[in-house]
Amino acid sequence: MTPDQLGAAVRAAVAAAVEAGELAVEVPAEVAVERPRSKDHGDYATNVALKLAKAAGRPPREVAEVVAARLRAADGVAAVDVAGPGFLNVRLAEEALGRVAVEVVAAGAGYGRNDALAGTAVNVEFVSANPTGPIHVGGVRWAAVGDALARLLEASGARVTREYYVNDAGVQIDRFAASLLAAAKGEPTPEDGYAGAYVGEWAQRVLEREPDLLERADALERFRVLGLQVALEEIRGALSSFGVDFDVWFSELSLKGSGAVERALDRLREQGHVYESDGAVWLRTTDFGDDKDRVLVKSDGSGTYFLSDAAYYVDKRERGFDVCLYMLGADHHGYVRRLQALAACAGDDPEKNIEVLIGQLVNVLKDGEPVRMSKRAGNILTLEDVVELTGADAARYTLARSSTDSTLDLDVDLVTRQTSENPVFYVQYAATRAASILRGAAELGIAEPDPAEVDVSLLAHPIEGELLKALAEFPHVVATAAQLREPHRVARYLEEKVAKGAQRWFDEKVECRVLPRGDDPVEPVHVARLLLWRATRTVLENGLRLLGVSAPERM
RNA sequence: GCCCCCGUAGCUCAGGGGAUAGAGCACUGCCCUCCGGAGGCAGGGGCGCAGGUUCGAAUCCUGCCGGGGGCACCA
């Protein structure tokens with residue numbers, strides 16, 4: 001029985017009590033069921049009585065007794081105690097716990113999914129680094145977290161589009177083109193130009209396409225066009241080898257040709273938040289909490305970057321997305337309010353249609369010293385560098401296992417060391433161990449059982465119970481992580497609950513052995529444990545998949 | 001000056017109002033040594049400070065202190 005299933009039973013108990021006139025409250029839409037820290041407090045606990053006491057006008061413990069009386073009759077519940085200020089501590093029947101393993105194996109790759117976002121189209125825009133150089137380590141964090149979040153939203157039933165906004169319209173592209181041209185000619189980097197070693201390499205790639213380029217009058221323009229192509233190929237390839245594939249590469253430049261800018265201006269005017277002042281066209285974002293109004297069209301007639309933002313947002317909504325998710329670095333936090341105000345100015349609900357997530361920066365440490373990252377200076381740590389140092393799995397896991405609210409110290413030396421100090425190895429190793437045992441069973445000729453025919457009440461060891469409860473939490477972890485946009489919750493759960501539980505169980509080599517020794521016969525308990533190992537492997541696979549990390553058969 | 005994030009164990013970090021605040025690394029002592037020793041168990045040590053809300057605060061609110069990032073008719 002999972003926490004959510006028990007929650008439903010608790011609600012039913014409350015509803016029955018209300019029906020019988022024992023409680024005068026509204027049945028809550030959701031009740032919190034969690035695993036108590038102390039083993040003395042049963043398998044699961046709920047604070048429902050504490051929450052209902054005020055509305056019921058009665059002491060919490062009294063409410064608890066009423067609910068407990070009903071809950072004791074629920075299927076799979078062995079005992080219910082009222083404890084402390086009014087907690088309900090529930091002990092499950094062994095069989096009810098064992099059924100978790102059956103459910104997990106029966107659901108397979110689908111275990112953990114939910115349909116909370118069914119019918120919702122979500123646009124997840126992330127990375128979107130300037131196409132003037134390789135993806136640097138800050139972008140790598142978003143690649144790892146953004147893709148994991150996209151996977152989580154999909155696991156919650158959403159229709160997700162991964163989108164990369166290509167800033168191909170600004171003066172930085174002029175500088176980029178000029179830098180490539182200078183490098184191709186063997187001239188020094190122009191002032192404000194890009195100076196990394198990659199500039200020379202990419203300039204060569206452009207020349208390979210059009211060898212006579214340097215003699216042509218439109219050389220600079222060609223370097224702009226072809227340089228952008230080379231940059232995008234590089235970026236796309238690097239991200240793809242990182243396991244991140246975007247559905248849409250959206251060109252900022254294309255907004256101008258498509259009429260999207262005009263449509264956005266029309267829509268904003270219709271909503272009545274556009275005005276002219278000092279010869280410029282402004283959007284009155286202060287109507288919706290921004291600290292100042294923003295210019296859309298400058299007094300010289302050209303559009304601002306914010307105008308592109310507006311056109312891009314309106315375009316996304318026109319493409320049918322219910323939720324437009326933006327993942328930005330901390331250096332863009334000032335955009336949050338104006339983007340939300342923009343959505344409101346367009347007549348949308350800034351609480352629903354737009355979400356801006358801010359991720360703190362990554363500090364890269366090497367030899368205990370911070371590594372300065374700068375595209376302009378060229379001393380950069382790129383996505384490829386990180387993958388080369390750690391492997392894609394370790395990098396993705398490490399970057400996705402911390403809250404994006406925290407600045408992350410990525411210690412190159414530590415991540416380079418491929419030891420158990422890196423948590424991904426711990427989790428992957430548990431998955432590998434599960435695979436190894438399943439393989440061993442196959443080699444002994446023990447077939448994996450039909451889940452429905454296993455006597456799961458044989459999984460009676462306390463450590464087996466702990467592991468079963470850990471597996472039962474997975475759907476709730478997935479739903480919560482998706483709802484809060486916090487993929488790191490999945491990683492922490494895998495580490496602390498599943499991998500840990502599996503390792504502890506494995507260590508009970510005498511009492512919880514899976515494979516019979518020597519010529520010992522295969523008994524039902526062995527089969528039941530085999531099922532639990534399969535369930536464990538399934539949750540580790542499903543969880544790692546959500547993070548874009550592999551679950552190897554062997555390491 | 002204003003805005004955003006952070007402050008939890010020696011270090012790196014979890015903790016979406018609940019019971020005795022958790023992991024990993026490091027340190028100390030054990031266990032398994034024949035399903036993979038890349039493992040397990042135990043111990044020491046912690047919520048920046050001050051108020052407030054609440055039956056209950058690491059969590060929510062206010063102020064202060066400390067660290068990081070940011071303010072544009074740049075892109």
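This is a predicted model: local features need pLDDT of at least 70, side-chain atom pairs count only at pLDDT 80 or more; totals for chains, interfaces and linings use all residues.
Reader: Which residues of helix H10 are buried, and why do they line one face of the helix?

Author: The general idea is that an α-helix has 3.6 residues a turn, so residues three or four places apart point the same way. In H10, which covers residues 260-270, the buried residues are Val 261, Ala 264, Leu 265 and Leu 268. Seen down the axis of H10, these buried residues fall within an arc of 100°, so they line one face of the helix. On the other side of H10, Glu 262 and Glu 270 are exposed.

Reader: What do the buried residues of H10 pack against?

Author: Their partners include helix H9 (252-258), strand E8 (274-277) and helix H12 (335-345). After H10 comes Gly 272, whose phi is positive, near 85°.

Reader: How many residues surround RNA strand B, and which helix gives the largest share of that surface?

Author: RNA strand B is surrounded by 68 residues, the closest being Ala 45, Gly 170, Asp 278, Tyr 305 and Ser 403. Among the elements that give two or more residues to this surface are helix H2 (48-56), strand E4 (87-92) and helix H18 (488-507), and H18 provides the largest share, with nine residues. By kind, the residues of the surface divide into 23 nonpolar, 24 polar and 21 charged.

How values were computed: Residues are numbered from 1 along each chain as its sequence is written. Chains are lettered from A and ligands numbered from 1 in the order in which they are written. A residue is buried if 20 or more other C-beta atoms lie within 10 Å of its own, exposed if 12 or fewer, and partly exposed in between; C-beta atoms are placed from the backbone. Helices (H or I, at least four residues) and strands (E, at least two) are DSSP runs, numbered from the N terminus. The arc is that of the directions from the helix axis to the C-beta atoms. Two residues are in contact if their C-beta atoms, placed from the backbone, lie within 7 Å. A residue is near a molecule or strand if its C-beta atom, placed from the backbone, lies within 6 Å of it. Ala, Val, Leu, Ile, Met, Phe, Trp, Tyr, Cys and Pro count as nonpolar, Asp, Glu, Lys and Arg as charged, and the others, Gly among them, as polar.
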